[in-house]
Structure formats: C-alpha cells, structure tokens
Amino acid sequence: MGLKDRALLAALWAVPRHALTRAVGEAAGWARPAPLARLAVAGFARRYRLDLAEAERALEDYRSVRELFTRRLKAGVRPVAAGADVPVCPADGRIYQVGLSENGRLIQAKGIDYSLAELLADDRQAAALSGGAYLAVYLSPHDYHRVHSPLGGEITGYAYVTGELWPVNPASVSTVRGLFARNERLVIYLSTPVGRCAVVMVGATVVGRLRASFDADAGVGRKASRVVYQLPRAIEKGAELGVFDMGSTVICCFEPGRVVLDFGLGPGAAVRVGEAVGRRG
C-alpha cells in the first residue's frame with residue numbers, strides 16, 4: 001500500500017465517516033445552480049473516463065453527479081447469458097475474490113478472511129450457504145453502478161444491516177480486517193433454480209444510499225431491518241436488484257454443491273453484468 005493510501009486510511013480513523021458520507025451524498029445530488037451542476041457533471045465524467053456511449057442519456061441531460069453516477073444503460077448493451085441454471089455477473093467491475101466459503105469463512109484479501117455469519121448477520125442463513133461458492137466484485141467510480149440478479153427465481157426477503165463506512169477500494173480491502181462484514185450492507189435473498197443465493201450490496205465511505213429496486217422500503221432511514229416476504233417477489237435473471245449512489249462492492253453467495261463458479265476469474269479480472277460466471281454444480 002502506497003503512502004497516499006496509508007495517509008487516507010489514517011485520516012479516516014479520525015473523521016466521522018457517516019457524517020462525511022451524508023455530506024458527499026448531498027453534494028452529489030445538487031442540481032442548482034444549473035451551470036455549476038453541469039460543470040460538476042462534466043468534470044466527473046472526464047475525471048473517471050466514463051463510457052457515455054453506453055449510457056441511456058446524453059451527458060448534458062444529467063442534472064447532477066448523482067444522476068450521472070446512477071445512470072442506466074442503453075437497452076441491449078449488457079446481454080444476459082442464456083440458461084436458467086447459469087449464474088451471471090451481478091455488476092460491472094473487477095473481481096476481488098472467487099472461491100468456496102469453507103467452514104463459513106470467505107477470503108477478503110491475502111492473509112485476511114471474514115465470517116459468512118457476520119457478513120449476513122444471520123446464523124441460520126449462513127449455515128444454509130456455508131461451503132458454497134461465492135463471488136466478490138468491486139465497482140470503481142468508473143463503472144456502471146446498478147446491481148442485477150445473478151439468477152432468475154424469487155426474492156424471498158432482505159436484511160438491511162447497519163455498520164461502519166470504510167472505503168472498499170483495494171488499499172482498504174488489503175488492510176481493514178473484516179471490512180465487508182463491518183460496513184453497512186443490504187442483503188437480498190433469492191430462491192433460484194440452483195438453490196438459495198444471497199446478494200450482498202456493501203456500503204462504503206461516501207456511498208450515500210443503497211437502494212433496492214424491488215422494494216422502496218428496503219433500507220429506508222438506514223435503520224436495521226429484516227423482512228421475509230409472505231409472497232416472494234418474482235425476479236428475472238439479469239433484472240435490476242438495486243443501485244449504489246457511489247462505488248462499492250457486491251458479494252454473491254450460493255448454496256453448497258449447487259453452483260460451480262469459474263475460478264479462473266481471479267482477483268483483478270474485469271467483468272460485466274450478464275456475463276456467465278459459472279454453471280450448475
């Protein structure tokens with residue numbers, strides 16, 4: 001880790017990260033005065049080299065940095081791999097880890113692991129998924145920031161887990177132990193043709209909100225909540241599950257013995273929504 005990254009992490013120990021996140025989130029949503037907002041939008045697009053050829057709207061149609069950051073894509077630019085039992089990538093980004101949650105432990109980075117039970121904040125759900133395949137994807141500010149379902153089936157419920165707001169960039173992931181299980185997160189539970197699945201949207205410093213696309217109440221008010229749907233909600237493979245207001249990480253956990261992921265997708269591999277990442281086990 002470089003000197004700059006060390007200095008940033010040291011500074012974040014001292015600052016109120018939730019207050020900082022709220023402030024940045026508010027600033028990202030400013031649309032007035034319009035001339036300044038347009039300059040901020042153009043500057044953000046230039047600074048992070050956004051691929052606006054894929055965006056649903058032209059750059060000048062975005063009124064704030066938040067609107068640009070949470071942009072939708074044109075129809076058809078992320079084709080979804082065929083096969084009801086073929087899991088696909090839930091987000092654009094780069095792979096952090098692909099593996100098996102042996103003994104209920106997941107690899108965060110070299111020499112650092114964390115507990116599936118702590119990640120889900122649910123011992124029963126963790127027991128059902130322990131030993132299964134998992135995939136963690138990092139979304140940088142450059143990336144498209146909507147999260148999609150890795151498989152079709154039903155959304156059976158969700159949990160919003162309160163916590164800290166550490167950055168989730170590579171420097172933090174290689175340093176802050178248990179990072180993903182410490183940060184705020186939205187855990188979405190699916191029933192699929194290849195068994196249970198949990199999709200975990202992990203919050204981070206300056207991530208203003210984790211928004212669920214399937215339920216306007218999920219995570220509202222940033223209070224801990226746990227919901228089991230009496231009538232599960234149907235979801236198509238590749239359909240939108242949620243939105244990050246700023247960059248973060250998505251972790252998919254599958255039921256043991258039901259999914260074999262492509263372990264050739266090693267750390268750092270670039271991935272896109274809808275690409276096949278494995279097969280039925």
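I began with Leu73, which touches Glu54, Ala55, Glu56, Arg78 and Tyr144 once residues up to four places away in sequence are left out; contact here means heavy atoms within 4.5 Å. I note that this is a predicted model, in which local features need pLDDT of at least 70 and side-chain atom pairs count only at pLDDT 80 or more, while totals for chains, interfaces and linings use all residues. Residues are numbered from 1 along each chain as its sequence is written, and side-chain values use heavy atoms, with hydrogens and water left out.

I then looked up where Leu73 lies, and found it in the loop between α4 (65-69) and β1 (93-100); helices (H or I, at least four residues) and strands (E, at least two) are DSSP runs, numbered from the N terminus. Leu73 counts as buried because its relative accessibility is 14%, the cut-offs being under 20% relative accessible area for buried, over 50% for exposed and partly exposed in between (1.4 Å probe, protein chains only). The C-alpha atoms of Leu73 and Ala55 are separated by 4.4 Å, although the two residues are 18 apart along the chain.

For the whole protein I recorded eight helices and 15 strands, with buried residues making up 51% of the 281 residues. Of the contacts between residues at least 6 apart in sequence, 77% join residues at least 24 apart.

Next I traced the sheets, taking two strands as paired if DSSP finds at least two bridges between them. Eight strands form an open sheet with antiparallel pairing, in the order β10-β6-β7-β8-β12-β4-β1-β14. β10 (225-235) and β14 (270-271) stand at its edges with a single partner strand each, so one side of each is left without a neighbour in the sheet. Within this sheet I checked β7 (residues 185-192) and β8 (residues 195-202), which run antiparallel and are joined by eight bridges; Leu186 stands opposite Met201 in β8.

An open sheet of three strands, also antiparallel in its pairing, has the order β5-β11-β9. Its edges are β5 (146-148) and β9 (210-212), each with a single partner strand, so one side of each has no neighbour in the sheet. I noted that β5 pairs with β11 (residues 240-244) over three bridges in the antiparallel sense, and that the bridge partner of His148 in β11 is Glu240.

Last, I looked at β2 (residues 105-109) and β3 (residues 112-115), which pair in the antiparallel sense over four bridges, with Arg105 opposite Ser115 in β3. Their hairpin has two residues between the strands, and Gly111 takes a positive phi near 85° there.
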